[in-house]
Amino acid sequence: MKTVDIVERIEGEAKLNCTWENGLISDARIDFLNFRGFEYILENKSPLDALIYTPRICGICGQAHLKATVDALENVYENIGEKLEITPKAKLLREIGLNIEIIDSHIKWFYMFILPDIVKLETEDLGIYEPIKGKRWLEATKVASETIKSLAIIGGQWPHTSYMIPGGVMSDPTLLELTTMSNYLDGTIKFFENSISGVSIDKYLSFSKYENIEDLRGDLKYFSDLSLKYELTKYGKSYSQFISLGENTIFKKGRFKNKLINGIDYTKIVESEKNTFTIEDDNSEDKHTWAKSVLYKDEFYESGPLSRAMISNNKFIRSIYTKYEDSIYTRVFARINEVALLLIETKKLISKIDISQESFLEPKIDLKKLDGVYGESAIEATRGSLFHKVSINEGKIFSYNIITPSVWNLGPKYNNKFGVAQNAIIGAPSIDISKLILRSFDVCSVCTTH
Amino acid sequence: MKNKEKPTVVWFQAITCNGNTHSLLSANSNRLELFFDSFNLIYHPSLTIDKSLDDILNSNSKIDFLLVEGSISNNKKFFQISNNSTYNHLTKLIKKATYVISVGSCASFGGIHAMFKEHVGVKSVKEYFDKTLLKHQIINLGGCPVHPEWLLQTMFLLKDYGRIALDNEGRPKELYSSLVHHGCTRNEYFEWKVEGEFGTKEGCLFYDQGCRGPMTHGSCNKILWNDVSSKTRAGMPCVGCTEPTFPRDDMLNTKKNIGIPFEVPLGIPKRAYLSITGVAKTFKIDRLNKKLMD
Ligand code: SF4
């Protein structure tokens with residue numbers, strides 16, 4: 001038996017094609033049928049224009065693209081032996097901006113994209129979790145918009161600011177503004193404590209073993225109870241291989257394959273278009289999606305908060321993983337866990353800013369004067385590792401390659417090996433569960449295909 | 001108010017980055033809640049849960065407000081939603097709609113997505129549907145993304161008065177008649193020709209950083225973003241994202257010819273502008289050449 005289903009209420013849309021055997025999904029194909037051609041659009045543009053274009057790849061993780069672009073352009077300078085000096089203040093302001101965006105995205109995802117579907121397993125009456133009407137849903141929207149104000153103070157607006165630039169950042173916050181930023185995050189911490197975890201954030205962050213779940217109250221506990229009842233701890237398992245390409249104050253770079261392997265060699269990343277549509281009209285039958293397959297040393301790896309928790313050795317998430325592996329349950333937990341980590345860390349980063357430092361030190365060489373140079377970067381974005389590579393010829397962008405987190409998770413088969421999410425869906429007993437599995441990766445179709 | 005008395009709203013997502021959706025979600029939360037209370041948002045692909053796009057397409061109910069996010073194409077090769085092209089879906093939807101609002105620069109003018117040359121046929125809503133027999137003109141809310149408050153104000157105004165004055169680009173006059181330059185905290189620097197730099201609170205970004213504030217229609221500096229700021233206030237030049245000309249080339253740089261900006265503020269003869277500049281530059285105003293906090 002075969003079924004086809006359109007999945008909405010993710011970022012964008014996907015099409016799920018399932019083959020069934022004995023009531024279980026035996027083959028799953030995920031189609032992303034939209035392509036916007038950013039890599040083509042960027043060709044021949046002034047290098048700095050990429051700062052305006054790439055955030056517009058995605059309305060929800062634009063700061064990640066901005067940061068990846070800035071890093072890639074600064075890597076160009078490094079590659080020609082002219083490494084730029086970036087003040088600690090500018091570095092902090094960049095990391096803070098990106099962190100705030102991740103917090104905003106995780107909160108929206110939990111309340112808009114996954115919790116309603118989980119509650120639906122139990123009851124048709126979504127109550128406080130009902131989109132548009134429910135008290136908690138509205139509170140979550142409110143807290144997300146309050147959180148993002150903190151970023152708007154240094155970015156001027158969100159979405160779609162380009163306040164980072166090779167050499168630093170464009171803004172120059174005052175102490176008062178920094179305090180206000182911190183105040184907004186205090187509001188989010190309160191929401192985390194009162195609604196999400198039901199315990200103080202310090203207590204939450206001290207959790208290190210699976211049994212601590214019993215100490216939780218709030219929506220996370222509700223999620224946990226429902227997950228155990230409806231066996232979300234059983235579904236959604238894939239390769240248990242994790243990758244994290246980027247590094248910052250809290251996330252480490254590396255791989256997990258049976259054990260932790262430190263370090264990453266970017267030259268081992270291969271993107272394949274075997275099953276991917278191309279803009280030329282030679283699309284054979286195998287090609288069914290605009291998403292590419294991306295592999296590290298010829299293997300599929302999962303990217304995202306669960307991977308980050310595994311690689312940065314987060315004890316609490318590790319303990320859940322030990323019990324339930326890479327299930328829907330563990331994946332959701334890892335994402336929400338990051339909200340607490342990022343909130344506390346970001347407040348710390350704000351307090352470290354020395355406003356007397358420069359925000360921006362102008363590069364001595366204009367990128368428009370360069371020829372035959374390239375730069376690359378990898379950062380951790382909301383949904384996982386984001387990789388950018390730019391090459392510049394005669395002062396213009398010659399090529400720009402982007403590998404988004406969702407490509408790691410949602411790409412199609414490669415050499416008879418299922419992609420990460422595909423593999424996770426196989427074995428699911430119903431369309432509802434398979435959609436939940438898909439959602440557990442925090443699907444962003446706009447990023448997947450860009 | 002009962003649900004059925006509220007105007008119905010359908011949000012259609014075409015070729016987009018979803019930025020306008022997230023802009024709306026980042027609106028002032030009291031305003032957003034009032035919007036949810038006053039209108040009946042029956043469909044939004046990422047927010048509502050009861051209905052799918054197919055349900056909306058196959059229903060005979062009228063739509064009071066059709067909001068379109070993203071540019072439109074009749075080409076299914078590069079872009080399809082629910083098994084059809086965005087153009088075909090919109091053809092169906094538009095017939096049911098009383099007001100059609102293009103939300104953001106992609107829907108209004110084609111925007112960034114129209115820059116992908118291989119995808120022939122990416123256009124604005126108006127380019128495809130201007131000839132459609134609609135009772136009201138299509139309203140363009142330019143901006144990449146749209147300012148959430150501009151969208152809310154437009155919706156409430158139409159709900160209460162049933163009409164809105166539009167400029168030549170189909171944008172509400174009340175929101176787009178002034179320039180981004182109005183209300184910019186750097187105006188005094190502009191007046192006295194004090195040049196800015198990236199990473200500082202002082203100086204005007206018109207001279208070197210490519211600021212389009214004096215040539216761009218929009219109220220970014222009057223109705224602040226996220227309630228707290230604007231690009232130019234923070235230190236980022238305006239890139240002119242509310243105009244049909246967005247995106248342009250080399251946006252973070254002011255095009256000049258022997259030190260004279262190629263384009264001068266809207267409506268000011270270049271000559272006049274240059275003589276005033278000359279005069280203004282002869283003043284050396286200490287206060288404006290110092291750090292604000294010194
Ligand atoms: S920065 Fe831009 S908007 Fe502000 S005063 Fe200067 S030109 Fe006008």
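Reader: Before anything else, how is the radius of gyration taken here, and what is the globule rule?

Author: The radius of gyration is taken over C-alpha atoms, and the globule rule is 2.2 Å times the number of residues to the power 0.38. For chain A, with 450 residues, that rule puts a compact globule near 22 Å, and the 21 Å of chain A agrees with it. This is a predicted model, in which local features need pLDDT of at least 70 and side-chain atom pairs count only at pLDDT 80 or more, while totals for chains, interfaces and linings use all residues. Residues are numbered from 1 along each chain as its sequence is written, chains are lettered from A and ligands numbered from 1 in the order in which they are written, and side-chain values use heavy atoms, with hydrogens and water left out.

Reader: How many helices and strands does chain A have?

Author: Chain A has 15 helices and 13 strands, and chain B has 12 helices and 7 strands. Helices (H or I, at least four residues) and strands (E, at least two) are DSSP runs, numbered from the N terminus.

Reader: What ipTM and pTM does the predictor give the complex?

Author: The complex is given an ipTM of 0.96 and a pTM of 0.97. For chain B the mean pLDDT, the predictor's confidence in each residue from 0 to 100, is 95, and 99% of its residues reach 70 or more.

Reader: Let me pick a residue in chain B: is Leu90(B) buried or exposed?

Author: Leu90(B), in helix α4 (residues 86-96) of chain B, counts as buried because its relative accessibility is 0%. Buried means under 20% relative accessible area, exposed over 50%, and partly exposed in between, with a 1.4 Å probe and protein chains only.

Reader: Which residues does Leu90(B) touch?

Author: Not counting residues up to four places away in sequence, Leu90(B) touches Phe12(B), Leu66(B), Val68(B), Ile72(B), Val125(B) and Phe129(B), where contact means heavy atoms within 4.5 Å. The C-alpha atoms of Leu90(B) and Ala14(B) are separated by 8.9 Å, although these residues are 76 apart along the chain.

Reader: Switching to chain A, where does Thr87(A) lie?

Author: Thr87(A) lies in the loop between α3 (62-79) and α4 (88-122), and it is buried, with a relative accessible area of 9%. Leaving aside neighbours within four places in sequence, Thr87(A) is in contact with Gln357(A), Glu358(A), Ser359(A) and Leu361(A).

Reader: Which residues does the cis peptide bond in chain A join?

Author: In chain A a cis peptide bond joins Trp158(A) and Pro159(A), with omega about 0°; in chain B, one joins Cys144(B) and Pro145(B), also with omega about 0°. Pro159(A) is placed in the loop between α5 (135-155) and β4 (164-165), and Pro145(B) in the loop between β5 (139-141) and α7 (148-161).

Reader: What about phi at Ile132(A)?

Author: Ile132(A) has a phi near 70°, a positive value in a residue other than glycine. Most residues other than glycine have a negative phi, and most peptide bonds are trans. Ile132(A) is buried, with a relative accessible area of 12%, whereas Asp227(B), with a positive phi of about 70°, is partly exposed at 38%.
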